[in-house]
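The exercises below concern the structure shown next. Work through each task before reading its solution.

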Amino acid sequence: MKDIVLYCKSYRRDFLRLKRLLKSVEKYNVDQIPFYISTPADQFQELKDLLGSDAKYQWVSDESIVSANPRVSPGIEKTRSGSLAQQAIKSEFWRLGISENYVCLDSDCVFIKNFGRDDFLAQDQIPYTVIYQNKEFFQLASNRKHSKVVENLVREGNRLKDLFGRKGPNYYCPCPPFIWSAKVWRSLDEQFLIPQGLTFWDISTNDHPETLLYLEALLKFQAIPLYPIEQMFRIYYYDWHFYLLQRMGESQSSLAKNYLGVIYQSNWDSSMDFGAPEKSLLSRANKRLKRFMRYLQSYC
């Protein structure tokens, strides 16, 4: 079994973003850490055609990850929304037994500097844990009058603490890459889910994001030592967030001093959507107008 691999769960709409991510991995992956990609099986041929025959990755099907849990019904992913199915499949990748740890990436991630095992693994091959209280973003959102963003994240954190019976501050790791240990996922399964007759698919909901389930399981069951680090990638959560920081002089070259990469979240940046647009022309025009207004607001 490998000590660590890179992993991205993707699907058709994100294939152009995935291609951009793969190119950055091939350019900056100095230790040649294996890169695994999963998609629905019926989208694999389209993926191969787009990435080309020389691309360096290993493919596994989403279905093989789902079926690696014998307590889950085949096809369960088709009974969930796309986002919930995605978060469960990402969290169940460990069951394939490929690696003790994995760096879970989203298709909209991009590496911007050299990286290797030492960026993800501490002593004794224990993975670092990205964990923080998110105060910088909370303050920035409050400054820009986006109070609902803060309120939603605080409620989310409170729900997860209550689920595990923990008191104290809320901790977050809201964006990839996530460095996940199979030992932590296994402890959640064996010490929390199985005794209650549950599977990960039962608790993976909009109220229980996989990132906080991992962190709270780690804090509760302590399957590995906690070696905390800060966010590895700069993430632009919203377009106003991106415009504001760009106005302050931020660029990929300046980010490389402190971050391994950057994320332009696909929820607001649809410029690299693959395939025909799902929204109507009117809807897309309205969205572009709103983005332009938020761009103008970045000057205020």
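The protein chain exposes about 14,700 Å², an area from the Shrake-Rupley method with a 1.4 Å probe, where for residues only the protein chains shown count as cover. Carbon and sulfur atoms supply 50% of this area. This is a predicted model, in which local features need pLDDT of at least 70, side-chain atom pairs count only at pLDDT 80 or more, and totals for chains, interfaces and linings use all residues. Residues are numbered from 1 along each chain as its sequence is written, and side-chain values use heavy atoms, with hydrogens and water left out.

**Exercise 1.** Compare the radius of gyration of the protein chain with that of a compact globule.

*Solution.* Step 1: the radius is taken over C-alpha atoms, and the globule rule is 2.2 Å times the number of residues to the power 0.38. Step 2: for 300 residues the rule gives a value near 19 Å, and the protein chain has 19 Å, which agrees. Step 3: the C-alpha trace spans about 55 × 50 × 40 Å along its principal axes.

**Exercise 2.** State what percentage of the residues in the protein chain is buried.

*Solution.* Buried means under 20% relative accessible area (1.4 Å probe, protein chains only). Buried residues make up 52% of the 300 residues.

**Exercise 3.** Decide whether helix α10 is enclosed, and examine what follows it.

*Solution.* Step 1: helices are DSSP runs of H or I with at least four residues, numbered from the N terminus. Step 2: α10 covers residues 239–247, and seven of its nine residues are buried, so this helix is largely enclosed by the rest of the structure. Step 3: the buried residues include Trp-240, Phe-242 and Tyr-243. Step 4: just after α10, Gly-249 takes a positive phi of about 100°.

Technical notes
Buried < 20%, exposed > 50% of the residue type's maximum accessible area, 1.4 Å probe, protein only. Helix = DSSP H or I, 4+ residues; strand = E, 2+ residues; numbered from the N terminus.
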